[in-house]
Amino acid sequence: MRILISELRPWLKLLARRRARMALGALLLALTVGAAIGLLALSGWFITATALTGAMLAAGMAASLEVYAPGGGIRFFAVLRTVARYLERVYNHDSVLRLLAELRSGMFAVLARLDARALGQRRASEWLNRLTADIDTLDSLYLRLLAPPLVALLAIALVSGLLGIFLLPAGLAVGAVLLALWAWLVIGQACLGMAASTRRVATLDHLRGRILETLQGLAELKSYGTLSQHRARIDADQAALYADQWQLGRVAALGNALVGLGVSLAAVLALWLAAEAYRAEALSGPLMVMMPLAVLAMGEALGALPASFTGLGATRAAARRLNALGRSRSVLSEPESPAVPVAGAPGVRLRNVTLTYPGALTPALDGLDLSLEPGERLALLGASGAGKSSVAALLVRLLDPDQGEVLRDDIPLVDVSLDELRTRTAYLTQHSELFDDSIAANLRLAQPEATEASLWHVLELVELADWARELAHGLETRVGEGGRQLSGGQARRLVLARVLLLDAPLVILDEPFAGLDRPMAARIAERLDTWLCGRTVLYLVHQLRHDGSDPPGILRSLTLRDGRLG
Amino acid sequence: MKATTDVMPANDASHQESLTPKRWLKELAAGERRRLTLATLAGLGVGLCTIVQMLLLAIIIDRLLTGAPEAPVGVLFVALIGVLGVRALAQWAQETTAQAASLAIRGRARAALLDHLTALGPVRLSSRHSAGLGSQLVEQVEALDGYFARFLPQLRLATALPLLIFAIVLGLDWLAAIFLLLAAPLIPLFMALVGMGAQRLNQAQFAAVTRLSGHFLDRVRGITTLQLFGRTATAAAEVFAAADDYRARSMKTLRIAFLSSAVLEFFASVAIAVIAIYVGFGLLGYITYGPSSSLTLFSGLTILLLAPEFFQPLRSLSQHYHDRAAALGAAEALVAILNETPPETFERRSADSGNNDALVRLSEACVEHAGRGQVLGPVSLEVSRGEVIALTGPSGAGKSTLLQLIAGFVAPSEGSAEVMSERRPAWMDQRPLVIQGTIADNLRLADTQASDERMQAALQRAGLAGLLSRLPEGLDTPVGERGAGLSGGQAQRLALARVFLSDAALVLLDEPTASLDEDSEAEVAASLARLVEEGRTLIIATHHPALMAMAHRVVRIQAGQQVEEATA
């Protein structure tokens, strides 16, 4: 229980920041429930009062009943219930969406501090979808798990108070029964459903993985004739998922049945006690009828609790995953008193660096020593997976090493502020990453204040200027999701232009001319050669061809193999 | 010697009517008719118990207030508690039975989809995005839940229960029944309103959520770039702005959508209020019209207590309406899969081979793909035992189709394709299958009975002995989902180890080194050479010189035709 609260605490804190809004939402919810109780209670009282008065009138006795106030009251509660419910739904959905905006941008800020170990996972896009779904699970924390039990408590207090005014024992007894029911619905249901609902997402992921591997490996499975054995694995995974769902379904059904039973029993108890009092002439007939009816209306206040609390584990699991992300060792540290790197081309050194990716069977870098003199151009060669990108990631602190250290002008990189380091290092990654935005906006990521002229200048360097001038919207042309509107070669040159715009003293270029034809590569290389003067340059290349298509000005080259210099 | 030949049976699949989402849902429901009917009956039981409960309450109150003093009510209280117990049981039964039906239906739907996808075969699946298929078979099948577990039983109750209550009220006081009846013609209107509201809401929400998620995912996918340029703070602000804009927009839709259910609530509330006031005034004798004079506390109270129950099934139904929308949306996508006709299947029959040396014999074989016409052929090719054949040619020329034909994944539309072996050929392509489980689990896919020694030997021949020796858990080392932890080359060699483990005489390889770097490619080539030493026959579709150098013959395919053959 304490663990559960500590897991949810960061998210509850977030809710607490909007305390007033949450309280108002809960109040509207309570008003809806209160109106339902009022409507039934007052109607019961009214009908009984009229019946008794009518009977006396019929018997020729003098009797009178003021009918307009209760009649008006009934109409008032009827309208109030509808209006309060409508307002409550609109207001609370607005709150949830506000929360969603905060959660998403907050989570983005957490992600932005993560290193490439966490971000570069094999199944990045699915992992991100998972993350988005977890955020969406948490945004309903208030509407499903916080407000309803509080409002139910309020309604219990209201009903038992109302009964207690007229008949204290009835108020106390009903209050006790309803409180016990409430406690079961919140705590009992949560406990019974916790394990199964916490597992749900993981079990679903497992099943999805199984189905995917079957579909992708269908040819192999068919040719070895082991498809049916493999299908048995899927069936077993689905059986595990459905065993949990069956358990959750039964628990929720138990809760729902208990709501109906508990509320009705409380109403019967109220009627019994009220009947005793009526016979003892301690209570009027209309008030006696009002009591069970008021209690019956509690069904509405408690009805949503079983489903929500049976599934509490799902919210807990989502919170757990997101908490873990924020606390993981993958969060890059910022120095407390950052050192300021000197201007000009820096020297760079990796000292005995070891790096292992999570889940990998072997390290990506294994005791690597490497240095670059100021202004030097070094080519780091090696097959894909040899560790070249890991070296680059270390130099811009997309990663920190497990062992060893990385120095820039003899200052450990961890002592330099992340933004400072990154704006002083231009890194052209292997993938041409573009945003669904305009050409200009994609370029200005490197330098938000860049003038139009400087944008054209870098486009000239990569031979995109003529093409861009032909476009109907020029620099404002959108590049599509992931740059899909551009050809591979154009996208490559555009990201190269963006790196040039950064104007940094340390430049890392990973296969800068990938996907370009040889003459164009040679022309761009020539311009690049001039531009790179006075900077320290690290090229990451598969292998040197020595045919004029290699990056310009390489003085020294080293080959990486399995994370070591070979 | 025995051989297998592909024989095509007549196939009527094309005559099948195409399935619609609604019909599919109906068929699925029909498969669980017994449980779904039980659930509805239990729900009816709940309704009946509620009615009896209200009647008993009214009788008790009536006796207490208008009966003789000390009139016996104890037995009625006992009966009331008994009814409440029965009602709780019935409610539990309704929910659990419907849940069981839904679980069975979803299991069956997923099995049918998997069967169908397997029948479509590797050839047809290759054109689909497998991650998308995975989520369809998991999430979208799960999205059918609410429809069967809640909406369908409630749909029947929403007609039956209000009718029953109406009949009872009619018997008690026809004027009060008319108030309910006045609301009744509005019921279809409510339904339409709620339905349209829910659907519009669903569509609008879906579009907006997709747009928002797109924006969010775009920023998150590119987060490395944002980190590299130190732009993450700006991007976080943009994420907030987009989400807040989404909020403002969707609130506009929501305000209107909530109105429709508010209207339903309003009518329910007002009807109850009107009935309460009518009954009250009638009891006072203010109303002299019609049946009002014969109203009693019992009948008045019963009517008042039953009025909310008249609207309750409808309100529940409207709450479950989005379940229907969700299920229909999912069914649409899933039915599209089911409507895809599987390629013509065939059985392999043993046949005698005239030539002892030939392992594969294609004569004038052609392959047609639905909608694309003839993609291969006519091709004639004979492969002897122990031969290594390289298939080359531009991508899309038909190399893969030729391999698939030999593997038996597609049938020849014309000509014949024979493989003179009782064992199916082993298969390997550029995306090796790695299942969640241990290395041993992965190897046993090729031979479920393989011993540890044989598996170790196979790993060694595939060039993985070095890796194995570094793993403390050896063969029991778990490999993650889709080979997490293994490099591309290691995964490829794991698939090769499976080939070594199998006793397939013929090995078909579709671009086995396409996604590997040169070092890994060389190691795979070395392993393939060991396969050849074992006397296996290899047919390799490849562009890579290292693999082509191994071949005894190079067959070049262009535009589905065999254009040249060179002996290496």
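## Strands 7 and 10 of chain B

In chain B, B:M428 has B:L509 of strand 10 as its bridge partner. This pairing belongs to a predicted model. Strand 7 of chain B and strand 10 (residues 506-510) of chain B are joined by four bridges and run in the parallel sense.

Two helices pack against this region. Helix 16 (residues 488-501) of chain B lies across strand 7 and strand 10 of chain B, at about 170° to strand 7 of chain B. Helix 17 (residues 518-533) of chain B also packs on the sheet, where it touches strand 5 (388-392), strand 10 and strand 11 (537-541) of chain B. The direction of helix 17 of chain B makes about 145° with that of strand 11 of chain B.

## The six-stranded sheet of chain B

Which order do the six strands of the open sheet in chain B follow? The order is 7-10-11-5-12-13, and the pairing is mixed. Strand 7 (426-429) and strand 13 (561-567) of chain B are the edge strands, each pairing on one side only. From one strand to the next the twist averages 15°.

## Helices 9 and 10 of chain B

Helix 9 (residues 232-284) of chain B packs with helix 10 (residues 297-319) of chain B at an angle of about 175°, and the axes are 10 Å apart. Because of this angle, helix 9 of chain B is roughly antiparallel to helix 10 of chain B.

On the helix 9 side of chain B, the residues that make the contact include B:L264, B:F267, B:A271, B:I275 and B:L283. On the helix 10 side of chain B, they include B:L297, B:I303, B:P308, B:F311 and B:R315. The residues of this contact between helix 9 and helix 10 of chain B comprise 16 nonpolar, two polar and two charged.

## Annotated transmembrane regions

For chain B, an unreviewed UniProt entry carries the annotation "transmembrane region" at residues 36-61, 73-90, 155-172, 178-198 and 256-281. In the model, residues 36-61 of chain B are 100% helix and 0% strand, with the end C-alpha atoms 38 Å apart. Residues 73-90 of chain B are 94% helix and 0% strand, and their end C-alpha atoms lie 26 Å apart.

For chain A, UniProt (unreviewed entry) places the feature "transmembrane region" at residues 150-168, 174-196, 251-275 and 287-312. The span 251-275 of chain A is 100% helix and 0% strand, and 35 Å separates its end C-alpha atoms. Residues 287-312 of chain A are 85% helix and 0% strand, with the end C-alpha atoms 40 Å apart.

## A salt bridge in chain B

How many salt bridges are there over all chains? The count comes to 48. One salt bridge forms between B:R108 and B:E32, where the closest N and O atoms are 2.6 Å apart. B:R108 is in helix 3 (residues 74-125) of chain B, while B:E32 is in the loop between helix 1 (21-31) and helix 2 (33-66) of chain B. The two residues are 76 residues apart, and the pair links distant parts of the chain.

## The four-stranded sheet of chain A

Chain A has an open sheet of four strands in the order 2-1-4-5, with antiparallel pairing. Strand 2 (365-372) and strand 5 (411-412) of chain A stand at the edges with a single partner strand each, so one side of each has no neighbour in the sheet.

Strand 1 (residues 348-355) of chain A pairs with strand 4 (residues 403-408) of chain A over five bridges, in the antiparallel sense. Here A:R349 stands opposite A:L407, and the bridge partner of A:V348 is A:R408. Strand 1 of chain A is also joined to strand 2 of chain A by five bridges, again antiparallel. In strand 2 of chain A, A:R349 has A:S371 as its bridge partner. Helix 14 (residues 388-395) of chain A lies across strand 1, strand 2 and strand 4 of chain A, and runs at about 120° to strand 1 of chain A.

## Strand 9 of chain A and its partners

Strand 3 (residues 377-381) of chain A and strand 9 (residues 556-561) of chain A run parallel and are joined by four bridges. A:L381 has A:T559 of strand 9 of chain A as its bridge partner.

Strand 9 of chain A also pairs with strand 10 (residues 564-565) of chain A, in the antiparallel sense over two bridges. In that pairing, A:L565 of strand 10 is the bridge partner of A:L560. Strand 9 and strand 10 of chain A form a hairpin with two residues between them. In the turn, A:D562 has a positive phi of about 50°.

Terms used: Residues numbered from 1 in each chain as written. Chains lettered and ligands numbered in written order. Predicted model: local features only at pLDDT ≥ 70, side-chain atom pairs only at ≥ 80, totals over all residues. Heavy atoms only, no water. Axes fitted to C-alpha atoms, helices over the stretch in contact; angles between N-to-C directions. Parallel < 35°, antiparallel > 145°, perpendicular 65-115°, else oblique. Contact = heavy atoms within 4.5 Å. Nonpolar A, V, L, I, M, F, W, Y, C, P; charged D, E, K, R; others polar. Pairing = 2+ DSSP bridges. UniProt positions renumbered as here; feature names shortened; annotations may be inferred. Salt bridge = Lys/Arg side-chain N within 4 Å of Asp/Glu carboxyl O.
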